[in-house]
Amino acid sequence: MNVIEVQGLKKDYPLGKTTVHALRGVDFLVEEGAFLSIVGPSGSGKTTLLNIIGCIDQPTSGQVKIHDQEISELNDKQVTDLRLHKIGFIFQSFNLIPVLNVRENVEFPLLLRKVEKKAEINTRVEKLIEAVGLLDYIDHKPAELSGGQRQRVAIARALVGAPDIILADEPTANLDSETSEAILKLMRDLNELEKTTFIFSTHDPEVLKYAKSIVQIRDGMFVGQE
Amino acid sequence: MGLTFRIVWRNIWRHKGKSLVIGIILFIGACLMTVGNGMISGMEKGMTENIVDLFTGDIVIISDEQEKENVLLDMMSGKPLKVIKNYEAVREVLDKEEMITDYLPATSGMVYVLNDRSEMGSIYLLGVDIDRYKKMFPESMTITEGRIFQRGERGALISEEARKPLYDFVEYWVVPQGGELDESKLPEDAKEDLVNLDVRNDVVFMGASVSNSTMDIRVPVTGIMKYKALNKIWGMYCLVDIESFREAHHYVTGADSAVELSPEEEALLATDDLEELFSTGELFADVVTEESITLEELQEETAGETLSYNLDEGSYNLAFIRLTKEVSQQEAVKRLNRIFQENHLNVKAISWKDAVGVIGSMAVFIKTALNLFIMFIFFVAVIVIMNTLSMTALERTSELAMMRAIGARKAFIRRMFVSETAVLSFFFGGLGIILGIVVIYLVRSAGISTTNEILQLVYGGETLSPTFTLSDLLLGLVELAVVTFFSVLYPLRVVGRIVPLDAIVRE
C-alpha cells in the first residue's frame, strides 16, 4: 500500500530576475514501512522535496497524495492536523524548544494532540527517551545536550505520536560518525519495530548502507533508484 | 502546571530583559491608573458628599418654563428663576414617591444689596423654611457668629465668603444682631479705618421679579455662617427666611395665602370709590390698638408661637430632592419627569449636576482630563509593548515555525503569545495596582487640604480623599486587559505570518 504518491512535482523559487528550478518534475511512490533514502549533492532538491511531502512547503505544480489525500486541497488547519497526526519531522538543525527539557520536548506533540491521559503520555515519552538512550538526561534542557543527544530528542519527538511517516532531512549532517551510526541504527530499529515509514535525505555515502531503498536526485530530478 | 503555561513562564524568564521593560511600563501604568481612578472616585464621592449631601440633594425640581437648567451657581445671567406654578400638586407627587426620602422646596435667586447712598451690589440668596433646611441638610453649615433664625422669624444668615464682597459693594460690615464686631475678621482696609467703619445688623435686599418691578426689604442678620465644604464656591449663597425672599421678589407669601377676607371687606376692597374706602375705620378697626409696643417687644412676645399661616402655601421656584440609595438618579429623573408630564404639572426634574451648571461641567472636565491622561499613559505603554513583543516574535521565528511544522495551529501560537503578555500584564500590573492602593491610602491619611476653588473641585472637597473601591479594581483589571489586547494585536499579525518553512534551514 502506498502512503505517499508524488506526480509531476515542480518547485520554482524566484531569485531576483531569474528562477531557480528546485524540482523539475518528480514522480515516485512510497510504500508503507519503507526506509527510503534520498541521495543527492547539496542543492539537488532533497530538502525541497521533503518539505513538500511534509506539507510545510507548497509545490509550484504537480500532486502530492498522502494516504490518497491530495494535500493541495487541504486548508491550513487540515494541513497542520495532517502534520500533527500523520507526519513526524527530524530537522537537520534539531529545532527543539529551548525552554523545555528533554521530557517536555518529546511530549510536546502529544500536548498539541490534546492527549489527556497523563500516565499514557509518561509511559510513551519515557519509553522513547529510553529507546534513544537519554533517560539520564530526561530533565536536561537542549542547551545542556550535545548535538547527537539533541538529534535523538528530535527523533523521540518525531516518534512520540506514532506517525505514519517520518521525514528526516539530513539527520546526521551535524553529527560525528559514531553518533550518526547510532542514530541511523535507532531509526532502522524503529522502522522495523513500529513499521513506521522513514524517508531521509543525505549526501553521505556511509548513511546509505542503512537504507532499504535509495533514490538519487540531481538538479531537481530523480536520476536513479536502487 | 500545563505545558503551555510552562512554555509561557519560561519564555518570560528567557527574555528577562524585554519582560522587565514591558513589566516596568505596565507597573507604572497600572499604578498611575489606580491612583488616577482613585482620584476620580474620590472626587466623585467628595462631590456627591459635598454638593449632593450638603447643598442640592440628588435631583432638583424646577419650572418647565425655565430656559437654563443650571439654576444654581449661574453667575452670568442673573435672571430670576421661573416660579413653580403647581407646587401643591407637585408636593402630592413627591409625598407619594417611595424613592424620595426627603425634599426641600425653596427659592433661589440673585438680589441686589443696597446702602443708604443707593449704591448696590449683588448676592445670591436661598430662601428656605429653616426647619426643613436643617432637616434636609443638617451638616451643611456651621454658625461662626450669632445664631440661626427661627422658623417664621425674618432673618438672614450671611456666609463668611459673601460678607467680604458685600462690604466691598456697599461699604458696611455685617454683624449679627446682638453680636459684637470681631476685628480679626475685617478686611485690611476696614481695620485701618475702624473709626469710620459702618457696622450694620441688617441688610436691604432688592429682588427682581418676573414683571421686573422691584421691592426692597430690610432683613435682620441673625448669624454669620460657613459651609462645611466647598465654602469658596457655595459661599456665594446666603440663607434667608423664605418669606423675605418671596416679598423681595413679589412672590406669593405664605402669609398672603392665609389672609381670609369677610364678604364686607372684599366688597370694600373691590370698590372704585376712594371716599367710601377711607371714610370709615371698619377696615382697620380690629387691628388698631391704643397701646404702643416696640418691635423687640413684639418679637419677644411672639417668639415660640406657632405660625398662624402655612409657609408651604407661598411660592417656590425650585425643590431639592433626596433619593433612597436603591434608586439611580437617572432612573428617578426619568420617572419623575414622566409623572410630571402625565399630570401636566409644568415642572421638570433635573440632576444635581445639571443644576449646578458650571461646577458640574468642571467636575466632568476634570474627570475627562484625568481619564485622557490615563489613556495617554496606556497609549504609550501599548506602543512600547507592541514594539517589544514584535521584536520578540521576530527573534523567535525559527522556534515558532518549528512548532507550526510539528503540528501547532496558528491559534496555539497566538494563544501562547497572548498568554505571555497577559501573565506580564497581570503580574506587573497587579503589583502596580497594589502600589497604587498604598499610595491612595497614604495620600488619604496625609489629609492634604486646600482653599483653592479649582483644587477643591479636583479634591471633591477641601481635603484630598482619593478612594479605592471594588469597582475601581474591576476597572483597573479591565484596563489592563484592554492594554494587553491592543499590545498583542500587531505582534499577533507578525506571529501569524510565520510559516513552518521558516523553521527549515534551506539547502
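Two strands pair if DSSP finds at least two bridges between them. Helices (H or I, at least four residues) and strands (E, at least two) are DSSP runs, numbered from the N terminus. The model is predicted: local features need pLDDT of at least 70, side-chain atom pairs count only at pLDDT 80 or more, and totals for chains, interfaces and linings use all residues. Residues are numbered from 1 along each chain as its sequence is written, while chains are lettered from A and ligands numbered from 1 in the order in which they are written.

**Chain A**

Chain A has seven helices and ten strands. Of its 226 residues, 46% are buried. A residue is buried if 20 or more other C-beta atoms lie within 10 Å of its own, exposed if 12 or fewer, and partly exposed in between, with C-beta atoms placed from the backbone. Two residues are in contact if their C-beta atoms, placed from the backbone, lie within 7 Å. Among contacts in chain A with a separation of 6 or more, 72% link residues 24 or more positions apart.

Six strands of chain A form an open sheet with mixed pairing, in the order β6-β7-β8-β3-β9-β10. The edges are β6 (87-90) and β10 (221-225) of chain A; each has a single partner strand, so one side of each is left without a neighbour in the sheet. Direction ignored, neighbouring strands are turned by 20° against each other on average. Helix α5 (residues 147-160) of chain A lies across β6 and β7 (165-169) of chain A and runs at about 175° to β6(A). Axes here are lines fitted to C-alpha atoms, for helices over the stretch in contact, and angles run from 0 to 180 degrees between N-to-C directions.

| Strand pair | Sense | Bridges |
|---|---|---|
| β3 (35-39) and β8 (197-202) of chain A | parallel | five |
| β1 (2-15) and β4 (61-66) of chain A | antiparallel | five |
| β4(A) and β5 (69-70) of chain A | antiparallel | two |

Val39(A) stands opposite Thr202(A) in β8(A). Lys10(A) has Ser61(A) in β4(A) as its bridge partner. Ile66(A) faces Gln69(A) in β5(A). Two residues separate β4(A) and β5(A) in their hairpin, where His67(A) takes a positive phi near 50°.

**Where the chains meet**

Contacts join 22 residues of chain B to 26 residues of chain A. On the chain B side, α1 (3-14) and α16 (397-405) are the elements that give two or more residues. The largest share, six residues, comes from α1(B).

Helix α16(B) has buried residues, including Leu400(B), Met403(B) and Arg404(B). The buried residues of α16(B) pack against α2 (76-86) and β6 of chain A, together with α17 (410-446) and α19 (470-496) of chain B. Just after α16(B), Gly407(B) takes a positive phi of about 120°.

**The core**

A nonpolar core is a set of buried Ala, Val, Leu, Ile, Met, Phe, Trp, Tyr and Cys residues joined through C-beta atoms within 7 Å. The largest one holds 192 residues, and Ile59(B), Ile61(B) and Cys238(B) touch the most other members. Helix α2 (residues 16-56) of chain B gives the most to this core, with 16 residues. Domain 1 (3-51 + 359-503) and domain 2 (57-261 + 309-352) of chain B both give residues to this core, so it lies between them. Domain bounds come from an automatic or database domain assignment. Leaving aside neighbours within four places in sequence, Ile61(B) is in contact with Val90(B), Leu318(B), Ala319(B), Ile321(B), Val347(B) and Ala349(B).
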